[in-house]
Structure formats: structure tokens, C-alpha cells
Amino acid sequence: MELVKRYIYAVTHKLPEAQRADIEKELHGLIEDMLEERVQDGEPTVKDVEEVLLELGHPRKLADQYRGYKQYLISPVLFPTYMSILKIVLFAIGIAMAAVFGIETFMDPANVLDHFVGNLVSFINACFQGFTWVTVVFGFIDYAGVRKEKLGIKEDAAWKPSELPPLPDSRTRISRADPIASIIFTILFTVLFTFSIGLLGVWRFPGGDSSIVVPFFNEEVFRTFLPFIWALVAGSVLLDCAKIIFGRWTTKLIAADIVIHLLHFVLALAMFSDTAIWNPGFLEQLAGSGLAPIGSEAYELASSIWNRATESLLSLIGVVVAVQVIASVVKGYKIKDVC
């Protein structure tokens, strides 16, 4: 019966994935036994089902019993998702900092100890910031009341089985892998631009124990944009967390997705239209490194590409954002009948 499926889904969909199948099977059996005991050899009616579900109690409270806890800084409804996201964020930070350490060691092996100490301090600082931001994001979601009406069921004393949320339509369902991959990529991107902007450039290995990097960006100017990058990153992670929590597309989520994509382009436009953000001595440093001596074909090619760098990069970003926005709009039209 549809009402039974909706009740079981309401109980299990926020529980750890490893427990869901067993609990779902257990609840199916329990409800069937209770209905059989209530109607004997008769056919259960909707009223019988509602009375059995009321006897079992509010889905949130039943889910809490299966979890084995009730109170945390983050509400029990969101706590499993909060822990999953926190682990993902810390894992991504660890991978990113390990990659930065590996690159720095490869480029300058003589100072491996300095690189290790510096990256260890940066890793601890990044983990603290990651923990803080994830906690703030989930605290905001919790405070906004997502765990109540927006996530499914009112938690007042007048709860009725008829208030159970509908089962998610396959057209609106969000695969957890997509927002998780987005969070990991976002964290990797943020760590790279926060701690290693100087490594983005043209590398040369003339031999010996060191290498030469001709950076693309003026690091001092680039860092003035970091607060805006962090704010947009926080918004992106907040949206990805909402996708995981809701588990299905809604018109509001699609609208937020489009807004985030557009803000990415606006920030890129503001950053890369500022000519000061680029390394003013890039061509001279490139020539000085020996990779493209002045007057050579390599230098002329590098000069041609460098002079079109802003236009080409903004065009590429614009195309990517346009594709993402169009995909979101199409998705909105496809699910408008089921949202």
C-alpha cells in the first residue's frame, strides 16, 4: 500500500545507507503483522493502515530510535548527513594538501622539511576552517527549519499519516554522487587557489634540485579576490548540501543552481577583466627561463596566446556556464509537473 511505502521511506531515507535495507524489511514485516492482528482474516482498509502507523508513532521519532541518539549540535535528522559531508570535506582537504606538498617537494626537494611543516600548518588551519564552514552551513539549514515541513513531516502533536511526503519521482531524484563530487572538486579548487596560486604557471626543470615556475597570476592582486571566492565557495557547498539533504530537485533548488552558475561567471568576469591580476612580467620571465627566448617562434606563439588570455578564458568560462544554465533550465521544464 502506498501509505505504508511512504511511511517506511520517511523513516529510513535519512538513516545510514548500510542500515536502510534491513530496517525497511523489518518495518514491512512489523506493519504486516500489526495489520494482520488488527483485521484477522479481513482486508485492511486505509483507516486500519493509518491507525497502525499512528500506533508506531512519528517517523522522525522512530528513526531516532533506530539511530540510537536524540540530541546533537546538529539535529538528529541532519546529523548523519552532516557527518558524511564533514568527512568528505576533510578528506578532500587532505588530498589537496597532500598534492600541494607533493608538487612543492618535486619542484624543490632540497627543502622538503620546510614544505612538510608549512603544509602541516596549512592542513590544520584548512581542516579547522572546513569544520567551521560545514557546521555553520548545517546549522543554518537546521535553523531555517529544513528538518521540519521542508524535509517532510510536521513534528507537532497533530501529525497524521496523510501528511507523509510523497515518494520521490525518478525524474526529480538527485544522485548523491553528483553533489559529493562537486563538493570535493570545490574544496580542491579552493585549497589550490588559497595556498598554491604561485604554482599555477609554466614550469621548467633546468636540472639540479630545484625548478623554475613562471606564474600566470599576480599573486598580490589575486589574493584581493579571495574573500569573494570563499563566499561563492560557501554558497556552492551550501547548495550541494541542500541537494544531498533534499535528495530531489525542486524549482527552488534549480533556481539556486542557476544563480550560483551565473555568480561564477560574474566573479570570473570581474577577476579576469582586471588586467592587473595577470603577471605583468610573464613574457620576460618566460624568456629569461630559457623556455621561449625573445625572437624565437616559441616566444611569438607564447606572446600571441598571452595577449588573448583574458578573452579566451572568459569565453571558455562563458560557454561552460551557459551549458550549465541551459541544462538547469531544461531540467526545470522536465520536472515542473512533478515538483
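**Exercise 1. State how many helices and strands the protein chain has, and what share of its residues is buried.**

Solution. The protein chain of this predicted model contains 13 helices and two strands. Of its 339 residues, 42% are buried. A further step concerns the contacts: among those between residues at least 6 apart in sequence, 72% join residues that are at least 24 apart.

**Exercise 2. Determine how α2 and α3 are oriented to each other, and which residues form their contact.**

Solution. The axes of α2 and α3 (residues 46-56) come within 10 Å and cross at roughly 125°. An angle of this kind makes α2 oblique to α3, and α2 passes α3 in a right-handed crossing. On the α2 side, the contact is made by Leu 30, Ile 31, Met 34, Leu 35, Arg 38 and Val 39, which meet Asp 48, Val 49, Glu 51, Val 52, Leu 53, Glu 55 and Leu 56 of α3. Sorted by class, this contact has nine nonpolar, no polar and four charged residues.

**Exercise 3. Carry out the analysis for α7 and α9, whose axes come within 9 Å.**

Solution. Helix α7 (residues 177-195) and helix α9 (residues 226-246) have axes that cross at roughly 165°. Since angles over 145 degrees count as roughly antiparallel, α7 is roughly antiparallel to α9. The crossing in which α7 passes α9 is left-handed. Residues of α7 in the contact include Ile 180, Ile 183, Phe 189 and Phe 193, while those of α9 include Leu 226, Trp 230, Val 233 and Ile 244. By class, the contact of α7 with α9 has 11 nonpolar, four polar and two charged residues.

**Exercise 4. Identify the buried residues of α13 and what covers them, then examine Ala 268 and Ala 302.**

Solution. Helix α13 (residues 309-335) has 27 residues and reaches 39 Å from its first C-alpha to its last, close to the 39 Å expected at 1.5 Å a residue. Buried in α13 are Ala 309, Leu 314, Ile 317, Val 321, Val 325, Ser 328, Gly 332 and Ile 335, and what covers them includes α10 and α12.

Ala 268 lies in α10 (residues 251-272). Its relative accessible area is 7%, and it is therefore buried. Leaving out residues up to four places away in sequence, Ala 268 touches Ser 273, Leu 314 and Ile 317, of which Leu 314 and Ile 317 are among the buried residues of α13. The C-alpha atoms of Ala 268 and Gly 318 are separated by 9.1 Å, although these residues are 50 residues apart along the chain.

Ala 302 is found in α12 and is likewise buried, with a relative accessible area of 16%. With the sequence neighbours up to four places away not counted, Ala 302 touches Leu 283 and Leu 286. Its C-alpha atom is separated by 9.8 Å from that of Ala 287, 15 residues apart along the chain.

Definitions and conventions. Residues are numbered from 1 along each chain as its sequence is written. This is a predicted model: local features need pLDDT of at least 70, side-chain atom pairs count only at pLDDT 80 or more; totals for chains, interfaces and linings use all residues. Side-chain values use heavy atoms; hydrogens and water are left out. Axes are lines fitted to C-alpha atoms, for helices over the stretch in contact, and angles run from 0 to 180 degrees between N-to-C directions. Helices (H or I, at least four residues) and strands (E, at least two) are DSSP runs, numbered from the N terminus. Angles under 35 degrees count as roughly parallel, over 145 as roughly antiparallel, 65 to 115 as roughly perpendicular and the rest as oblique. A crossing is left-handed if the near helix is turned anticlockwise from the far one by less than a right angle, and right-handed if clockwise. Contact means heavy atoms within 4.5 Å. Ala, Val, Leu, Ile, Met, Phe, Trp, Tyr, Cys and Pro count as nonpolar, Asp, Glu, Lys and Arg as charged, and the others, Gly among them, as polar. Buried means under 20% relative accessible area, exposed over 50%, partly exposed in between (1.4 Å probe, protein chains only). The expected span of a helix is 1.5 Å times one less than its number of residues.
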